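I opened the model to take notes on one chain, one interface and one side chain. My entries follow the order of looking.

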Amino acid sequence: MRLEDIIKGLENGNRRALARAITYVENDYPEGKEIMKRIFKKTGNAHVVGITGFPGVGKSTTVSKLVQKFREKGRKVGVVAVDPGSPFTGGALLGDRLRMEGLDVSKNLWLDPGVFFRSMSSRGRAGGLAAKTGDVIRLLDAFGFDTILVETVGAGQSEVDIVEVADTSIVVMMPEMGDDIQINKAGILEIGDIYVVNKADLGGAEKTVKWLKSMIMMDQEAVNILGRTSHADEYAVESGEIFERMKRGKDWVPPIITTVADKGEGIDELVDVIEKHFNHLKSSGKLKERRVRRISREVFSIITEEIRSILVNERGSKFREVVEMVVNNEIDPHTAAEKIILEIRTSG
Amino acid sequence: MENRKIEEVKKERKKWENSCLTPYVDRFGERNEMFETLSGIKVNRLYDPADVAHLDYLRDINYPGQYPYTRGVYPTMYRGRLWTMRQFSGFGTAEDTNARWKLLLKEGQTGLSTAFDFPTLMGIDSDNSLADGEVGKVGVAVDTLKDFEILFDGIPLDKVSTSFTINPPAAIILAMYVAIGDMQGVPREQLRGTIQNDMLKEFHAQNTLVLPPEPSVRIITDIFEWGVENVPKFNLISISGYHIREAGSTAVQELAFTIADGMAYVEAAIERGVDIDKLAPQLSFFFNSHNNFFEEIAKFRAARRMWARIMREEYGAKDPRSWWLKFHTQTAGCSLTAQQPLNNIVRTTIQAMAAVLGGTQSLHTNSFDEAWALPSEEAVRVALRTQQIIAFESGIPDTIDPLAGSYFVEWLTDKMEKLAWNYIEQIRKMGEGSMLRGVLKGIEDGFFVKEISRASAEYQRDVEEGRRVIVGVNRYTIEEKLKIPILKVDEAVQRRQIERLKRIKAERDNEAVKNALDWLRNSAENHENVMPAILEAVKAYATEGEIMGVLKEVYGTYRKPILI
Amino acid sequence: MERKIRILVAKVGLDGHDRGAKVVARFLRDAGFEVIYTGLHRTPEEVAMAAVQEDVDVVGISLHSGAHMALVPKVMKYIEDYGGDLSEMVILVGGIVPEDDIQKLKEMGVEEVFIPGTPIERIIDFIRKRVPEKKEAKRRRKHEA
């Protein structure tokens, strides 16, 4: 499809244009970059909701029920489901779409024109998201979806990228997940705006809820202390994290919702709380704060990526030269770096 | 054999291995590094008395017709009566199937078996948009009692036994058969046949899914409760491993999951208050017969022994008839190839022989063109002849359980039983002591689906990498152009069926239909047995879709959580 | 970044046999493709909509029920209705299909039909070759136009 056709298609609500745009962006085609530049002005309206959690907790089912509920409320919903892709073979089995079914099996979410579902492979990237998930979300945003659900697998310490793209982050758990320490290390206890204990009809749900409450309380206290001692700057990339946690902790205590997703129980409550959070973000000015912080990080990471690209592509040989010198003990690493930076600064 | 003699044997074996075997192997080698059955059981070079020293003939094997029935459920087995030759068939409309049945009965078939089309299997009427393109394709289309009247026209229900491969709408089909019997004036106590009626295996493998697992089991239990009182000679369920195997499981998994399902159903019946000794004779099983000859024979023998022990020891059934595992076998459809199809005749023969040596009560042999489409007349005849040649020319049925006492077969029977028990204990743990809860939990968690998926992926990898030979497919291939007559289904079948349905809906008493359906809804909602209401609805010419529709209303529709 | 080939493995209609589809999906993943599996009992409209939204390069329809002549053309029609481009998408059918139906399906635009027993390696090679081929052919046609 030609670039202009795609842009026009995006403006006209053409599904295929959107699908193709996503493909170009995902695969880093030059058209992709161009499309992102052109549509950026239209972004910033959607409520981006991230849903993460260990495999098997029922994320896909929860997402599916949320889609139905949001549709009932008249919202247009876009879904991005990211599944792990093998870093070795490059392949991936994307199986989230097939769990998409509303509670009412006769209301077909697959055919609903107000729903768009896209499966993505993480393509071997750690963090739970694919490199281009953020851009894909922006495309859906620009296309006109009111709510965008992003589903990712959070299974390890670094699978917390979801905060990079989501306004509201939901962490889904289930009872008896075993090792509490595992969960603690996973970092997911720090990112949730909302916590869901799914499969609440299984034994042990109350215990899990209690434990979560205590974790959240401890976190609140830690954050309060942090707030009193830190001078974090929202624009600074490194302190952004801390700033985020401080600000987050102050006015919004993450609620814990219990659900039995495949029976649809607790979903109404969950939707309520999601909307409450969005309103809270908007009215407290936090929405802007978060976007400032996220965009600082994003622009920063693009810059570092560009620099890395320069080093590798344009200055490749100079870089290797300089590294040789360090290896041969002629200069030290800091001097080596200074040399390169000087060259980059002074050249055109 | 006493211990002293066993020690002698073991010593002699070591000697043989060192002095006779090893030099031979060193010089000439063996075909493979390792030999395994399709379940991954390592098969040794040979077996001797030492390998079966732990078995006791009277305790573990015994005589046919005597606990634990390892050698067969009847004292005379095929010397008394041959297995029933029951070929699965049905396609197009009820008229076409009726004609094919009359042909088969003439050719010597001794029992009828019905295949239904997909819409009928799913409880969907032929005029529903979801049925488009599928009416009459893989079996006969049945929407109302009228189709049954045509199906059984000229076929006396007191003289034949009919088996129905039907699951979610099994209650409806049973009701239709009973209604025909009533019409012919045959007393209900004389009706013989089987409804497959095994929803658990649908959730594990076959995927004909309509209602969720618990309501499905509820309705099956209703059928048990009603059936023991009303149709005491009719098999109310065919607890199946066939489909589990077709989905890619190993022989051990087929054995274990089938027995586990059987236990789950028995527990459901006991919970309902059904007399286990009344029900047990009306339970039957359905197994696959695959290529690994001895593994299959061992599987059947192990199944009998396990079930006898379970019914007597675990569930306390008192009547010896309750301890019998009676089964139907079908040769493995998934083993047939589209390449060089005549080879399939050989495969089917080996599989049929295994079933007979395993003591099956009835047998379906696949037709050689089964990989392409529903079988042609010629192919069906050859499949039937295969059974007849085994029966009358081979001498195999002339002595009972001839492989008993074979060191290998007894060892393998015991081995498979042990491996199957491992699975059963695992499932029992999942259910905290209850097999019924264990199986239901396993369904919810995807335990069965994952096990079967894994086995089927491993098998495929073995085939792709040449470790498993499939003659004609990955070895001994040829360039070929097929000339087998393919039986194609007339596209007009759908049209005719829809017209018939329209006429029936116009001519029937719609008030009676509505009343019956209301009664059904009531029964379902109030946890009453649904069979009486279904029978009423069926006699009023309610359609399958209408009846299933009421059940879906009350119990909800099920979407399987897919796991790969 | 190299464009990954995206494949939709679809089960259309009432047929519940998913062993083949699941095994093929796994093998395709191991071969490096991005595979989206639709699950069972999907209608032609649903399969088509998924194909368009996921912008797949290949649609693999798995059928064992004999209903291919009715269902496959429907899938293709709906793909077009929903804005998909059949001149770019490679449509494949897997399952029990008699010889003369294979011909008819190919005339309709199905690229290849794989019957049971086909080594999966062959399917993988076909996809690897045909997908870029088809895209290239389209590009050339546009150029000439």
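These notes go from the whole of a chain down to a single residue.

**Entry 1: overall build of chain B**

I am working with a predicted model. I began with the secondary structure of chain B and found 22 helices and ten strands. Next I looked up the radius of gyration, which is 24 Å for chain B. The globule rule gives 24 Å for 564 residues, so chain B is as compact as a globular protein of that length. I also took the span of the C-alpha trace along its principal axes, about 85 × 60 × 45 Å.

**Entry 2: burial, contacts and surface of chain B**

I asked what share of chain B is buried. Buried residues make up 61% of its 564 residues. Then I turned to contacts in chain B with a separation of 6 or more. Of these, 78% join residues 24 or more positions apart.

**Entry 3: helix H8 of chain B**

I picked helix H8 of chain B, residues 199–206, and asked whether it is mostly covered or mostly open. It is mostly covered, with eight of its eight residues buried. The buried set includes charged residues, Lys201(B) and Glu202(B). Met199(B), Leu200(B) and Phe203(B) are also among the buried residues of H8(B). What do they pack against? I found helix H9 (213–230), strand E7 (237–240), helix H10 (242–246) and helix H11 (251–272) of chain B. Helices H17 (435–445) and H18 (447–464) of chain B are on the list too.

**Entry 4: chain C against chain B**

I moved on to the interface. Here 38 residues of chain C are in contact with 41 residues of chain B. The two chains bury about 3300 Å² between them, 55% of it on carbon and sulfur atoms.

**Entry 5: Arg138(A)**

Last, I looked at one arginine in chain A. Arg138(A) sits in helix H5, residues 133–143. Why does Arg138(A) count as buried? Its relative accessible area is 16%, and the cut-off for buried is under 20%. Leaving out residues up to four places away in sequence, I listed what Arg138(A) touches: Met36(A), Ile39(A), Phe40(A), Thr43(A), Ile295(A) and Glu298(A).

Note on methods. Residues are numbered from 1 along each chain as its sequence is written. Chains are lettered from A and ligands numbered from 1 in the order in which they are written. This is a predicted model: local features need pLDDT of at least 70, side-chain atom pairs count only at pLDDT 80 or more; totals for chains, interfaces and linings use all residues. Side-chain values use heavy atoms; hydrogens and water are left out. Helices (H or I, at least four residues) and strands (E, at least two) are DSSP runs, numbered from the N terminus. The radius of gyration is taken over C-alpha atoms; the globule rule is 2.2 Å times the number of residues to the power 0.38. Buried means under 20% relative accessible area, exposed over 50%, partly exposed in between (1.4 Å probe, protein chains only). Contact means heavy atoms within 4.5 Å. Buried area is the accessible area (1.4 Å probe) that two parts lose on being put together, summed over both.
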